[in-house]
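Me: Got a model open here and want to go through it quickly. Can you take my questions as they come?

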Amino acid sequence: QVQLVESGGGLVQAGGSLRLSCAASTRTFGNYAMAWFRQAPGKEREFVAAVSRNGANSKVADSVKARFAISRDNAKNMVYLQMNILNPEDTAVYYCAAGLQDGSGYNTFPYAYQYAYWGQGTQVTVSS
């Protein structure tokens, strides 16, 4: 069982930045691929970014590419989402997700079904 706790959300003006953090409670954090998803009101949950188990590779959704970046620190059991040039369309609840993965530590996984553990979410609101 992995518990995930997100932090760093809040209210920001358009053009601003936020850094989300996710703390994972597991002794085998390096065995988990990690990702961020988001869900806006009235919309389905969507993929934002994923990072491989070893942190060497990442994948970012086209809608946020060049503005968002995901990273992880396996020594601290943390994953981060740096969000720059935010706009009102980025308003959503952001969820951290963890998926136990075998095989290559370089793979990223962009689908929600690939993640068994989810945090409670953190609200990001971007005002225009």
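Me: What's the torsion about the S-S bond of Cys 22 and Cys 96, and is the disulfide left-handed or right-handed?
Reply: This is a predicted model. The torsion is about -80°, so the Cys 22 to Cys 96 disulfide is left-handed.

Me: Where do Cys 22 and Cys 96 sit in the chain?
Reply: In distant parts. Cys 22 is in strand E3 (residues 18-25) and Cys 96 is in strand E9 (residues 92-100). They are 74 residues apart.

Me: And the S to S distance?
Reply: 2.1 Å between Cys 22 and Cys 96.

Me: How many disulfides in the whole structure?
Reply: One, from a search of the whole structure.

Me: Are Cys 22 and Cys 96 buried or exposed?
Reply: Both Cys 22 and Cys 96 are buried.

Me: Switching to the core. Which residues in the largest nonpolar core touch the most other members?
Reply: Met 34, Trp 36, Phe 68, Leu 81, Met 83 and Tyr 94. The core has 38 residues.

Me: Which strands supply at least two residues of this core each?
Reply: E3, E4 (32-39), E5 (46-51), E7 (68-73), E8 (78-83), E9 and E11. The largest share comes from E4, with six residues.

Me: What is Leu 81 in contact with?
Reply: Leaving aside neighbours within four places in sequence, the list includes Leu 18, Leu 20, Trp 36, Val 48, Phe 68, Ile 70 and Tyr 94. Arg 19 is also among the contacts of Leu 81.

Me: Which residue in E8 is the bridge partner of Leu 20?
Reply: Leu 81. E3 and E8 pair antiparallel, over six bridges.

Me: How many bridges join E1 to E3?
Reply: Five, and E1 (residues 3-7) runs antiparallel to E3. Leu 4 stands opposite Ala 24 in E3.

Me: New topic, Thr 122. Which strand is Thr 122 in?
Reply: Thr 122 is in strand E11 (residues 122-127).

Me: Why call Thr 122 buried?
Reply: Because its relative accessible area is 11%, and buried means under 20%.

Me: Which backbone atom lies 3.3 Å from a polar atom of the Thr 122 side chain?
Reply: The backbone nitrogen of Gly 9.

Me: What else does Thr 122 touch?
Reply: Not counting residues up to four places away in sequence, Thr 122 touches Glu 6, Ser 7, Gly 8, Gly 9, Leu 20, Ala 92, Val 93 and Tyr 94. Tyr 94 also touches Leu 81.

Terms used:
Residues are numbered from 1 along each chain as its sequence is written. This is a predicted model: local features need pLDDT of at least 70, side-chain atom pairs count only at pLDDT 80 or more; totals for chains, interfaces and linings use all residues. Side-chain values use heavy atoms; hydrogens and water are left out. Helices (H or I, at least four residues) and strands (E, at least two) are DSSP runs, numbered from the N terminus. Buried means under 20% relative accessible area, exposed over 50%, partly exposed in between (1.4 Å probe, protein chains only). A polar contact is a pair of N or O atoms within 3.5 Å; within protein, one must be able to donate a hydrogen and the other to accept it, and residues adjacent in sequence count only if both atoms are side-chain atoms. Contact means heavy atoms within 4.5 Å. A disulfide is a pair of cysteine sulfur atoms within 2.5 Å. A nonpolar core is a set of buried Ala, Val, Leu, Ile, Met, Phe, Trp, Tyr and Cys residues joined through side-chain atoms within 4.5 Å. Two strands pair if DSSP finds at least two bridges between them.
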